[in-house]
Amino acid sequence: VLFPSKKKKKAYFSSMLLKTIPYPFGEAKYYPSFIHVKFREDLDDVKLEYSKQVFKDIEAFYDGAKYVVISERGLNTSFNPINMKSLNLSKMQGLAVVSPEGTVRRDELIIEQGYYKGSFAFFTTYKAAEEWALTFE
């Protein structure tokens with residue numbers, strides 16, 4: 001077959017990188033329907049101002065369209081889920097957290113999930129999170 005199937009073609013364009021924004025605390029990579037926010041390995045805490053900056057940029061990029069966020073953070077990087085109350089998450093369809101496995105992390109994520117009413121998932125690899133994010137299209 002000379003032409004890829006529509007499904008393969010759609011998956012290719014769905015995971016095509018559109019834009020990268022570097023931050024002092026990490027970077028955000030924008031795709032047609034999801035964002036991969038990867039925090040620096042040596043970051044201790046995702047501060048509220050970091051989250052506000054990222055979401056301001058996300059809202060500007062997607063301009064009212066729905067999206068999924070993949071948040072990748074190391075085991076030593078903490079996030080206070082109360083910060084979610086200060087963010088506009090109305091267009092966020094899903095949140096995937098990518099992190100190494102750990103009992104403490106799992107307990108933190110159970111609390112974090114309670115602050116977000118949309119789809120929430122935990123993965124140990126980025127690839128698995130990306131596959132999950134693409135199911136929202």
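Modeller: Before we start, two strands pair here if DSSP finds at least two bridges between them, and strands (E, at least two residues) and helices (H or I, at least four) are DSSP runs numbered from the N terminus. This is a predicted model, in which local features need pLDDT of at least 70 and side-chain atom pairs count only at pLDDT 80 or more, while totals for chains, interfaces and linings use all residues. Residues are numbered from 1 along each chain as its sequence is written, and side-chain values use heavy atoms, with hydrogens and water left out.

Biologist: OK, then which residue in E7 is the bridge partner of valine 68?

Modeller: That is glycine 94, and the two strands concerned, E5 and E7, pair in the parallel sense over six bridges.

Biologist: And what joins E3 to E5?

Modeller: Five bridges join them, again with the strands running parallel, and within that pairing histidine 36 has isoleucine 70 of E5 as its bridge partner.

Biologist: In what order do the strands of the sheet come?

Modeller: The open sheet has six strands in the order E1-E2-E3-E5-E7-E8, with mixed pairing. E1 and E8 are the edge strands, each pairing on one side only.

Biologist: Switching to the largest nonpolar core, which members touch the most others?

Modeller: Ile35, Ile58 and Val69 do, out of 28 residues; such a core is a set of buried Ala, Val, Leu, Ile, Met, Phe, Trp, Tyr and Cys residues joined through side-chain atoms within 4.5 Å. At least two residues each come from several elements, including E1 (19-23), E3 (34-39), H2 (48-62) and E5 (67-72). H2 supplies the largest share, five residues. There is also a second, separate core of twelve residues, among them Phe34, Val68, Tyr126 and Ala133.

Biologist: Which residues of H2 are buried?

Modeller: They are Tyr50, Ser51, Val54, Phe55, Asp57, Ile58 and Tyr62. These residues sit on the same side of H2 because they cover an arc of only 160 degrees around the axis, the arc being that of the directions from the helix axis to the C-beta atoms. The face turned away from that buried side carries the exposed residues Glu49, Lys56 and Ala60.

Biologist: Does it count as buried or exposed?

Modeller: Aspartate 63 counts as exposed, at 67% relative accessibility.

Technical notes
Buried means under 20% relative accessible area, exposed over 50%, partly exposed in between (1.4 Å probe, protein chains only).
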